[in-house]
Amino acid sequence: MENLCLEMMGIQKAYPGVRALKGVDFSLKYGEVHGLLGENGAGKSTLMKMLGGVEKMDQGEVYIGGEKVIFYTPSDAQKKGVSFIHQELSLFPDLDIATNIFIQDLPQKSSFIRAEKLYSDTKEILNRIGLAEHSPREKIKYLQMGERQLVEIARCLTMDTKILVLDEPTSSLTKKEVEILFFLIRNLKEQGISIIFISHRLDEVFDICDRITVMRDGEKIATINTKETNTNRLVSLMIGRELSDRFERTGYQADKELLRVENLRRGEKFQDINFSVHAGEIVGLYGLMGSGRSEIVRSIFGLEKYEDGKIYMEGQEIKVKSPIDAIDIGIGLITENRREEGLMIRQSVYFNLLAANFEKYSKKFLGFMDKKAETEVCEANIKELSIKTSSLKKKAQFLSGGNQQKIVIAKWLNRSPKVLILDEPTRGVDVGAKFEIYHILEEQTKKGKGIFVISSELDEIMGLCDRILVIRKGKIVAQFSHEEFSKESLLETSMGGQEK
Amino acid sequence: MKKITGKMIIQTILNYCIYLLLLFVCLILSVTTTSFLSITNIINVLLQTSIIAVLSLGITFVLITGNNDLSVGGVMAVSGAAGIGLIKLGGWPWWAGMLVIIAVAMVFGIINGCVVSYIKAPAFLTTLATQFIGRGLALVISGGSSWYNLPEPFIFLSSTYVVGIPLMIIIVLLLYVVFHIRLGKTIFGRRVYAVGSNADSARVSGINVSKTILFAYMQCGLLVGIATILQVSRMNSFWAAMGTGIESQAIAAAIIGGASMSGGVGNLTGTFAGVLLMGVINNALNLYGVDANWQEAARGFVIMLAIIIDAIRNRYNSVE
């Protein structure tokens, strides 16, 4: 048996109602870069949580360097040389580079910081990670995103790291920064550090990884040498699943054009965005996180700015400066973060159902609210969308994710927009409520509304949409009609194959 | 039928804590003292709290939007200095003086509102700055001196009784009724709650967040102006130090009454009860003959108690 740096055997983990890991084996060689691939919910992050001691596994064994280890806390894992770099960085922007790198173990003498040692040690590390041109005294907030990531890696280096886990490290980096990161990864590899690389971008996985493990539905599907595989093979391993329990939209009658976007552009985030939404149609936008998909709809809705381009509603050009403008011309937006931007969670169901609509239910005279009309609408909402709540007065925070999302949808339907835009409409929503939401949306198309859905769930976007646009790195790279799209084509176009 | 659990009882008690506390203190006072329940004493308590009551009213709206207003004391001084100064030194008619008081106070409200909502400066610091500006300008205008013997209409305000109740108390109660309706039943009230509950969500829902905050501050300014007129009437004089430290009492009363520093909650019955509680406790200390220096400390204890209750209540209410 060859020497393994890390061996995980038969890892099992169940959460209420879902078996997240069903006995997963995973191994890592010394000085190897190992890619971990899988759709959202495949169990990648859960597996890494077990490795990092963030959560306890139900069953299974972990060996590091041949020695059996049990982690109860993240610091246990750290002591054994396991370091994590998360998508959201954990640096202190107002402190300097040196302090950030050594924050967990500042060199000190009777509780005074030994500054000269701190800064000379940092200088050395900065040379190692290719940031030699920066002073150790520079504050983190003046660094680029990619450089910050390197600083984070440097922090791991000071902790005698043997295994480094990178969770989607490139999602917020520019091409140039990715190159530096990869250069550093290869460097670390030569120093004998083993790296687990989680990414959705296939081209990068092919670029940097020695071996690739594919996970699906809480199981390990295969571990392959990168040299012996190709994009097609990986994609088919990742999906594999039967399409049995999928929502399938029936009937589709596109009518007149409602919303049209022409050449919308904002710097690096998105360029040349062209699409239209017709009455009675559900259009999907598929792309990875960080591909610019949310930024596009937020710009159309006036929450963020766009630099260039035109937006039309029913053939009429419109200027959107704030959400108020967008709402006035008949656009509704359900953002991806329900708790932050969708609901007022400490307010009642009643209050939330009406929150986009105070004008409609207030009388002209002195702005008194028409309580009777309000109550009628809310009761109708509860019935039509089957929102499960014990009373209208219940605070929104005590409802389940699915019911909360229905409230947000109802809030917009009460406003009767012409075009409803939904960003990840079923995130954190259970399966039952998901299907109810699909039916609600389909119902709306029959009433002549246009619907635009962003989703990273393939089943969802394929079952729901009449047309799908695929976005990658800020550009719409493909468009598929209902007859044309397949999981393979969507995944491949959104991730960008290895050939390039 | 829902089962009544122990937790529900605790939650209910916590939610009505302020009223229970007020009732409790009144009960103790009426048993232990002979003078508390007399009409004169009750009217006296109401009169003493009337200025703070009006200020708390304006501040409650600001607090519900998730902001704060520390400037009210300073604004009282500067608006009073401008209005009464013009009457006393400039020979302006009484009504013009009153209008100037209201106008100056509203201008300060608008400045607070604009800086906080459009420039997005922290409310705490912004209104601290306008407090100093107001206080300083009051000294500049008045030269630090006081003015006595105001025109007849000011005295009318403080000396008139309607069926045995002072006109001032009636004005305060009327203001509470009007603004209670405004907060609870109008679209402006809804927007105030929406902005304070979650400004991002309010923005996505098409509510003009900045304008709502500006209006809340402007309205607070209007009420500060009214409070200033009531204050100079009651004392029949203007003095540059008027309203010193009054903002802390007004904010405390609103917080005791259930408004939260983090916004989104609060109502005017609560605020009114908070004002009364502070007034009654002051009254109690007087009735028991407690030294004036101790009264300040006692007020601090009451505020601390209220804030602790508020924190516990928030924790309880965040679980179902």
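This is a predicted model: local features need pLDDT of at least 70, side-chain atom pairs count only at pLDDT 80 or more; totals for chains, interfaces and linings use all residues.
Biologist: Which exposed residues does helix H4 of chain A carry on the face turned away from its buried side, and what makes a residue count as exposed or buried?

Modeller: The face of H4(A) turned away from its buried side carries the exposed residues A:Glu116, A:Glu124 and A:Asn127. Residues are numbered from 1 along each chain as its sequence is written, and chains are lettered from A and ligands numbered from 1 in the order in which they are written.

Biologist: Which residues of H4(A) are buried, and how do you know where they lie around the helix?

Modeller: The buried residues of H4(A) are A:Leu118, A:Thr122, A:Ile125 and A:Leu126. Seen down the axis, they fall within an arc of 100 degrees, so they line one face of the helix; the arc is that of the directions from the helix axis to the C-beta atoms. What covers these buried residues includes helix H3 (97-101), strand S8 (112-113) and helix H5 (145-158) of chain A, where the names follow DSSP runs numbered from the N terminus, helices being H or I of at least four residues and strands E of at least two.

Biologist: How do you know what span to expect of H4(A)?

Modeller: The expected span of a helix is 1.5 Å times one less than its number of residues. H4(A), residues 115-128, has 14 residues and reaches 20 Å from its first C-alpha to its last, which is close to the 20 Å expected. Just after this helix, A:Gly130 takes a positive phi of about 75 degrees.

Biologist: How does helix H13 of chain B stand against that expectation, and how many of its residues are buried?

Modeller: With 20 residues (268-287), H13(B) should span 28 Å, and its end C-alpha atoms are 28 Å apart, which agrees. Of its 20 residues, 14 are buried, so H13(B) is largely enclosed by the rest of the structure. The helix is followed by B:Gly289, whose phi is positive, near 70 degrees.

Biologist: What makes the phi of A:Glu168 worth a remark, and how is this residue classed by its C-beta neighbours?

Modeller: Most residues other than glycine have a negative phi. A:Glu168, however, has a phi near 45 degrees, a positive value in a residue other than glycine. A:Glu168 is found in the loop between strand S9 (163-167) and helix H6 (175-190) of chain A, and its 19 C-beta neighbours inside 10 Å make it count as partly exposed. A:Lys473 also has a positive phi near 45 degrees; A:Lys473 sits in the loop between strand S21 (467-472) and strand S22 (475-481) of chain A and, with 18 other C-beta atoms within 10 Å, is partly exposed.

Biologist: How do you know whether A:Leu37 is buried or exposed, and what is it in contact with?

Modeller: A:Leu37, in strand S3 (residues 33-37) of chain A, has 25 other C-beta atoms within 10 Å and is therefore buried. Two residues are in contact if their C-beta atoms, placed from the backbone, lie within 7 Å. Leaving aside neighbours within four places in sequence, A:Leu37 is in contact with A:Val205, A:Ile212, A:Val214, A:Leu234 and A:Met238.

Notes:
A residue is buried if 20 or more other C-beta atoms lie within 10 Å of its own, exposed if 12 or fewer, and partly exposed in between; C-beta atoms are placed from the backbone.
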